[in-house]
Amino acid sequence: MATMSERPQNVLAPTLSRRQFIKAGGILVVGFSVAGPELLKADTAKPAVLKNSLDPTLGSSWIEVHPDSTILIRTGKNDFGQGSTFTAYRQIVADELSVPFEAITTVVQGHTDQTPDGSGAFDFLGGGTPNIRKAAAYTYQALLDLASEKLGVPKAKLSVKDGIVSGNGKSISYGDLVKNQQLKLTIPVKGDLTSIIGLTVEGNPPMKPVSEYTVIGKSFKNSVISSKVAAKETWATDVRLPGMLHARVVHPKTLGSTLVSAGSVDKSKFPHSQVIVKGNLVGVIAPTEWEAILAAEQVASATKWTEWKGLPGNAKLYQHLRDEADWKTTPVTKGEANKGDAASTLASAHKKLSATYQLAYMKHAPIGPTMAVADVKADGTVHIYTHNQNPQELRGEIAMMLRTTPDHVIVHAYPGPGHYGRSNGGNAGAEDEAVLLSQAVGKPVRVQWMRADDMRWSTQSPAAFSDVQLAIDEKGKIAAYQIDHYMPAMQDDRLIGAVLAGLPTMPAPNPKGDFISSTANGISDPWVYAPVPNVIERGHGTFQVGQQASPLAVGLRDHSMRTPGQFQQNYPRELAISEAATLAGADALQFRIDHATEERVIGVLKAVRDASGWDTRPSPRPDAVSTGSTPIRGRGVSLMFRNQTYWACVCQIAVTPDKGTIMVEKSTIAVDPGIVINPMQLKRNVEGGAVMGISHALFEEMLFDESGITTDDWISYPIPSMADIGEIKVVLLNNPKVGTYGGGSEAPNALAASAIAAALHDATGKVMRRLPMKPPYVQALLKT
Amino acid sequence: MVTLNVNGVRHDVEAPDDTPLLYVLRNDLQLIGPQFGCGLAQCGACSVLVEGKEVRSCITPVASVANQEITTLEGLPARWAKQESLSVEEAKNTLHPVQQAWIEEQTPQCGFCQNGMMIKATELLESNPNPTLAQIKDAFTNSGPSPNLCRCGTYVAIIEAVQHAATIMAKGR
């Protein structure tokens, strides 16, 4: 199996320049080069250089090596609780540079004027080669060049341990190599800084062989956890600027209402408050937060909106999606695994499954509602202090809204509540509103959404349904598999404040949009059952529900959510595979092994079987019952491949039929990411994902009427409490021979639903093909 | 004018009596441990201890806790130091065992709810130094106005951290 060190090397001529000798200090900074674009591929665009960005001609940097041998790293990716920038990134850089973990003393992240590459809080490990790894690999070569020159030893004879370069009996530390000099290494990059994926480091510098890793693989602690736990971290919620005012926004009455008249402030009660109106955006501003809250409530009660009833309401959602949504305008996508002739095989099937699976809308529901502080200066410079998954993209969108250029916008990134994808297109919610209100009053303004604003006016994970047809042959094998996935557009990056104010935004999802704004529904659940001879996967996309009917062009806006799209496609597939096993009279876990050839697929399935205590037999269990008050137990399994990582999950549940309640007594997840970078961090990410998966499966359903979203707090949109969670067991399969590391934060939240549904079938003999499996829905199913 | 006793320090605060304690702590006293999560006492992100009991500061009128002993996340180390009679020098470098355990167990993901989780853990361990798994689950689910909610799903890590904190506290200083 190939390892990283055997990859083709194409260094694209990084250049090391010596500016001057200086008397004290000294530094090696790694910036990015636009000097040598001719070395890049012909289709590579020269990255734009913006004011208020790291200037590539100056000390703009990814990595700084200091004379005391400490190291600073910079990344545009902003931590959202995954911990990767504070643990994995340090470990990756430490191994590439052959320094201890502790040598990397500072991680700068997110701030648009202090980090080089943009992109979002997702796919931190970048398919095994995140930007920071290549930047470190280039830096290592430059340090070897410096040492070779300084020691008079050929580069090939040098070795490095703990930041000390040695060869031919001589040695020197990194710190001494850079001391009293200003060194600048430029490396090649390409891309668009304010796009969703930002800039990418080019070339293939030589990388440390996996066999020489000493830092990767150990459970180093996440430094930001220590500061958060000790109340020493500055969160976005803590930013207070001199002269700052507090604001609340009075959002429209419905998702299609326009403003008739804004209420005015009762000055007898709220003497210091004022109302700002821009189009359909109504803001209330006051010197103190409590006055802003009360004044906004009073203004809201006096504000008049048009009525609108343009949504189907959740009771008619699936009928609307099936019969009324426009699936014809958007081109159908096809899976890469499509092969054979599924249609004719299905027509003459020995045994056949035809079924439809439905998933509800879900809210990202961060535990803290979105907020931001904006400070629009007199010269037009905009400062935004926020918690956002893609600060550079937000920067571009704010510039678009203000009809200016991104160099006038600086986004300062701080910790905050997890967004699980909601702001990875730059749009968290409050930032643009804060900018517009700050612009109006000429002072810094802090906009805090209340819980109901956050539930009603944020984007959601789209509802979806899938039609499956599947044929089993006489030998009990899948002869044909056909799935049609239907899902409204999933990535509405429009800033809601800009939409309400009637200002420019990114396009609403449409059939001709680019890969971000398209209504197309791509196939995003890689096929893992290679031996199946006939496979058809198709993706059908459409506009967001209500988007075209809403006078505001709003409707039910959607946005990617942890394991986006793949959850909507993997849940129906995996439940259908479990149903297929039943049709074939086979054990659902062994059935999967029997339909796999990839050894890593088989590996995670065997690992989860052993760790969960799986009892091999067909489902449903022989004594399955669907009535009574006695809990009955069942188990189900699911499988996924995502971001170069293989996942298998077993859920063991107890169902109480007459109550329709399900308790997941034990969840077991086996994960093979290739190389495990930080076992503790990965384990915690997987545990959290497993709990969120139980939440998706059993609790979460965004409800709406004909006008808007009706689930607006933690009572109407419940998530699990601690008592709702049983045992969670995580099995980490460190698999270094793979030679790279896959992602670990996404996927675990998408494994439980299909496994729990299969377990419900195992226990009761009844199949529920709808999420969430709330007690009333389970009760109704079991009565059929 | 309301007089508050927060983390052992007296503060005279100019705020309307009905102002929720949370806004006074965050905006007037710069105590940023408690977070705004829902404003409805449904999640626990804003929790503080009042006379040793977990209270949701987002719905607690500031006047209702005048002159009572309020402890925020920032005050947990001093609370432990006082309980254990640590010297000033020892106290300076000692986090509350709950905080130590939260770091040792790498409990938080985003960490936004963890203020309330650590406050709840402190309340629990002060009254029950060696809680069973069932007692821990009961405390975090049923003892407050609502369950303490974590959207990142860190409940397993919280349970392990509470158990770890109990062992640190049992050893004492």
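These legends go with a few close-up views of a predicted model.

**View 1. How chain A splits into domains.** Chain A comes in four pieces, and two of them are built from separate stretches of sequence. Domain 1 covers 4-229 and domain 4 covers 599-783.

**View 2. Where domain 2 of chain A meets domain 4 of chain A.** Here eight residues of domain 2 of chain A touch eight residues of domain 4 of chain A. On the domain 2 side, five of the residues are nonpolar, one is polar and two are charged. Step back to the C-alpha centres of domain 2 and domain 4 of chain A, and the separation is 37 Å.

**View 3. Chain A up against chain B.** Chain A brings 43 residues to this contact and chain B brings 41. On the chain A side, look for α4 (223-229), α5 (289-302) and α15 (679-698), each giving at least two residues. The largest share is from α15(A), with nine residues. Sorted by class, the chain A side has 23 nonpolar, 12 polar and eight charged residues.

**View 4. Cys649(A) inside the largest nonpolar core.** That core runs to 282 residues, and Cys649(A) and Ile756(A) have the most contacts within it. Setting aside anything within four places in sequence, Cys649(A) contacts Val608(A), Val637(A) and Ser638(A), among others. Its partners also include the run Ser667(A), Thr668(A) and Ile669(A). Leu751(A), Ala752(A) and Ala755(A) are in contact with Cys649(A) too.

Conventions
Residues are numbered from 1 along each chain as its sequence is written. Chains are lettered from A and ligands numbered from 1 in the order in which they are written. This is a predicted model: local features need pLDDT of at least 70, side-chain atom pairs count only at pLDDT 80 or more; totals for chains, interfaces and linings use all residues. Domain bounds come from an automatic or database domain assignment. Two residues are in contact if their C-beta atoms, placed from the backbone, lie within 7 Å. Ala, Val, Leu, Ile, Met, Phe, Trp, Tyr, Cys and Pro count as nonpolar, Asp, Glu, Lys and Arg as charged, and the others, Gly among them, as polar. Helices (H or I, at least four residues) and strands (E, at least two) are DSSP runs, numbered from the N terminus. A nonpolar core is a set of buried Ala, Val, Leu, Ile, Met, Phe, Trp, Tyr and Cys residues joined through C-beta atoms within 7 Å. A residue is buried if 20 or more other C-beta atoms lie within 10 Å of its own, exposed if 12 or fewer, and partly exposed in between; C-beta atoms are placed from the backbone.
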